[in-house]
Amino acid sequence: MSWLDYFRGRRQEQPASATAAKERLQIVLAHERIGRTREDFLPKLQQELIAVVARYVAIDPGKVNVNLDRGGDMSTLAIEIELPAPAAMRVAANAR
Amino acid sequence: MAQVVVVTSGKGGVGKTTSSAAFATGLAQRGKKTVVIDFDVGLRNLDLIMGVERRVVFDIVNVISGEARLNQALIRDKRVDTLSILPASQTRDKDALTKEGVQKIIEELAKDFDYILCDSPAGIEKGALLALYFADQAIVVTNPEVSSVRDSDRILGVLQSRSKRAEEKREPVKEHLLVTRFDPARVERGEMLKLEDIQEILSIPLLGVIPESESVLKASNTGTPVIMDAESMAGQAYTDAVARFLGEEKPHRFIEAEKKGIFKRLFGGRAA
Ligand SMILES: Nc1ncnc2c1ncn2[C@@H]1O[C@H](COP(=O)(O)OP(=O)(O)O)[C@@H](O)[C@H]1O
Ligand SMILES: [Mg+2]
């Protein structure tokens with residue numbers, strides 16, 4: 001920064017967007033580095049969850065939604081399973 | 001009918017991912033149901049530029065291998081509701097992407113979307129070939145610089161010989177030239193190729209000119225596609241290019257150097 005910048009009113013400040021960039025990278029890379037040494041468990045977790053739920057309810061595997069939000073301190077994994085109407089659930093229960 | 005659009009260039013670092021994010025967002029903002037696919041297997045980056053990196057659960061390779069369903073891998077954008085992103089995987093196994101697998105995904109997406117954008121990796125190897133294979137249209141991203149123009153020419157050759165349309169001898173892939181990182185001042189000083197020269201050499205219709213702009217870096221820092229920065233020249237240039245892509249007439253802007261006042265000429269000034 002040159003002394004001329006003072007005339008132009010430019011101040012030496014950390015641009016806000018670079019801070020955002022660093023924070024975003026820290027979070028995503030922390031997760032990716034773990035993933036490099038350990039196999040991604042999410043596909044398997046999802047399959048097993050579906051299998052467990054399917055033992056009780058006749059579900060459509062296509063109606064299972066997995067949502068993840070990775071955070072620095074905490075991540076949330078939301079698994080949404082659409083359950084069929086009560087009539088279909090009774091059929092599944094009787095079939096067992 | 002859904003249109004498959006590849007964003008390609010041959011050369012790396014010219015602005016394909018930046019342009020894919022901007023175009024996908026722009027088309028979605030115009031009400032088109034749009035999905036953008038990252039084909040850069042092993043070097044996923046579109047998720048960062050789109051700002052959805054924290055929400056990636058499954059990727060294109062999980063879908064091809066049957067570990068996840070397509071709708072589970074699609075990330076719906078929280079800002080524009082007609083926009084979805086299909087991330088690339090971080091796996092080093094490039095063979096995970098197969099032609100049959102990609103075809104199935106594109107066929108399924110074609111039922112729900114108006115535009116399927118494919119962000120190509122650099123090079124003319126497998127990943128780039130797969131990204132362009134199913135294309136109906138191609139946006140060829142070029143910088144005003146010799147190696148970029150040469151690589152664009154090579155990728156045009158590939159489009160004309162190795163795309164599905166070429167193999168089936170159908171109507172050729174519609175080609176669009178998108179010149180990015182254009183610096184009018186350097187062009188005027190003769191340090192960079194002129195727009196007319198690039199057009200003359202590649203001789204495909206000019207879709208848009210995106211100026212070199214600091215706002216692109218800011219946009220990638222925050223994970224907001226630069227087209228959402230309506231104040232910035234790059235954002236406006238992308239908005240114009242999307243409008244042209246949809247058939248509107250728009251004069252080209254930001255292609256001439258700003259006439260600087262005496263004060264600015266003395267002390268310099270930076271583009272927004
Ligand atoms: N119009 C532009 N002005 C300034 N920098 C740009 C512009 N377009 C792209 N860039 C920068 O160029 C680099 C490469 O862009 P990217 O979109 O990742 O290219 P590619 O996908 O072709 O490798 C990035 O650092 C990006 O911020
Ligand atoms: Mg890229």
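**Between the chains and around the ligand**

Modeller: Happy to, and let me begin with one contact: A:Arg24 and B:Glu53 form a salt bridge, with their closest N and O atoms 2.9 Å apart. Please keep in mind that this is a predicted model.

Biologist: Good to know. How many salt bridges are there between chain B and chain A?

Modeller: The pair of A:Arg24 and B:Glu53 belongs to this kind of contact. For salt bridges between chain B and chain A, the count is two.

Biologist: Which element gives the most residues to the side of chain B that touches chain A?

Modeller: Two elements of chain B give two or more residues to that side, helix H4 (70-73) and helix H11 (214-222). With four residues, the one that gives the most is H11(B).

Biologist: And what is the make-up of that side by class?

Modeller: On the side of chain B that touches chain A, five residues are nonpolar. The other classes there are nine polar and nine charged.

Biologist: What area is buried between chain B and chain A?

Modeller: The size of an interface is often given as the accessible area lost when the parts come together. Here 23 residues of chain B are in contact with 28 residues of chain A. Carbon and sulfur atoms give 45% of the buried area, which is about 2,200 Å².

Biologist: Which three residues supply more than any other three of the area that chain B buries against chain A?

Modeller: Together they supply 28% of what chain B buries against chain A. They are B:Arg54, B:Val57 and B:Asn221.

Biologist: Let's turn to the ligand. Which backbone contact has a distance of 2.8 Å to an oxygen atom of ligand 1?

Modeller: A backbone N or O atom of B:Val14 lies 3.2 Å from a ligand oxygen. For B:Thr17, a polar backbone atom is 2.9 Å from an oxygen atom of ligand 1. The residue with the 2.8 Å distance is B:Lys16.

Biologist: How much of the accessible area of ligand 1 does the protein cover?

Modeller: The ligand is surrounded by 13 residues, with B:Gly13, B:Lys16, B:Thr17, B:Thr18 and B:Arg181 the closest. By class, the shell holds four nonpolar, six polar and three charged residues. On its own, ligand 1 has 560 Å² of accessible area, and the protein covers 77%.

Biologist: Which element gives the largest share of the shell around ligand 1?

Modeller: In chain B, helix H1 (16-29) and strand S8 (206-211) each give two or more residues to the shell. The largest share, three residues, comes from H1(B).

How values were computed. Residues numbered from 1 in each chain as written. Chains lettered and ligands numbered in written order. Predicted model: local features only at pLDDT ≥ 70, side-chain atom pairs only at ≥ 80, totals over all residues. Heavy atoms only, no water. Near = heavy atom within 4 Å. Polar contact = N/O pair within 3.5 Å; in protein donor to acceptor, adjacent residues only side chain to side chain. Areas by Shrake-Rupley, 256 points an atom, 1.4 Å probe, with all protein chains shown as cover. Nonpolar A, V, L, I, M, F, W, Y, C, P; charged D, E, K, R; others polar. Contact = heavy atoms within 4.5 Å. Buried area = accessible area lost by both parts, 1.4 Å probe. Salt bridge = Lys/Arg side-chain N within 4 Å of Asp/Glu carboxyl O.
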